[in-house]
Amino acid sequence: MSHRHSHRRGPRADMVPEIAAAVGFVSGLLRTRGCVSEQQLQVFSGALREALTEHYRHHWFPEKPSKGSGYRCIRINHRMDPLISRAAGHIGLSLPQLYQLLPSELTLWVDPYEVSYRIGEDGSICVLYEAKPHHHHHQQPGSYGGMLTCKNQMMLGRASPSKNYIMTVSS
């Protein structure tokens, strides 16, 4: 018993939450390094959002989410993804700067209903955004459940042991 009429308009072909999650993730990586201003990040995010929307326009199949996944995938593999470098160009970031700011190995999969990433070739895959297909009230992009499960792989995780260490030393 499927409500045929409810997703007659096409199952969320708008890509908005998925692209927002991907863009938020990349600009978040730039933000952690602190050398990019908030204003630059806004320009970068807007440029990357437009680039991805354009790039994915005819390659988005909500009824077959894995179709075209390789085409949509954003990759840094000691070679910068052209979509990221183009968006970075809008804020005057050079390629050498980008290589310093971003992981040298990053794969970001932007698929209908799921955005996930992997840092390093053998890192585990972490989900950034997940929505249930064919539900109107899909999960809000704000609920980055995946970020927490693997933050030990992110730069954030590296800071935590030293903090406890300082506390034991001072007591």
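This is a predicted model: local features need pLDDT of at least 70, side-chain atom pairs count only at pLDDT 80 or more; totals for chains, interfaces and linings use all residues.
Residues are numbered from 1 along each chain as its sequence is written. Local features require a pLDDT of at least 70 and side-chain atom pairs a pLDDT of 80 or more, whereas totals for chains, interfaces and linings use all residues, and side-chain values use heavy atoms, without hydrogens and water.

Helices are DSSP runs of H or I of at least four residues, and strands are E runs of at least two, numbered from the N terminus.

Beyond its neighbours within four places in sequence, Ile-84 contacts (heavy atoms within 4.5 Å) Val-26, Phe-44, Leu-48, Ile-74, Ile-76, Leu-98 and Leu-102. The axes of helix 2 (residues 38-56) and helix 4 (residues 82-89), as lines fitted to C-alpha atoms over the stretch in contact, come within 8 Å and cross at roughly 140 degrees, on a scale from 0 to 180 degrees between N-to-C directions. Phe-44 and Leu-48 of helix 2 and Ile-84 of helix 4 are among the residues making this contact.

Most residues other than glycine have a negative phi. Met-15, in the segment before helix 1, has a positive phi near 65 degrees and is buried, with a relative accessible area of 5%. Tyr-113, in the loop between strand 2 and strand 3, has a positive phi of about 75 degrees and is likewise buried, at 5% relative accessibility.

Conventions: Buried means under 20% relative accessible area, exposed over 50%, partly exposed in between (1.4 Å probe, protein chains only).
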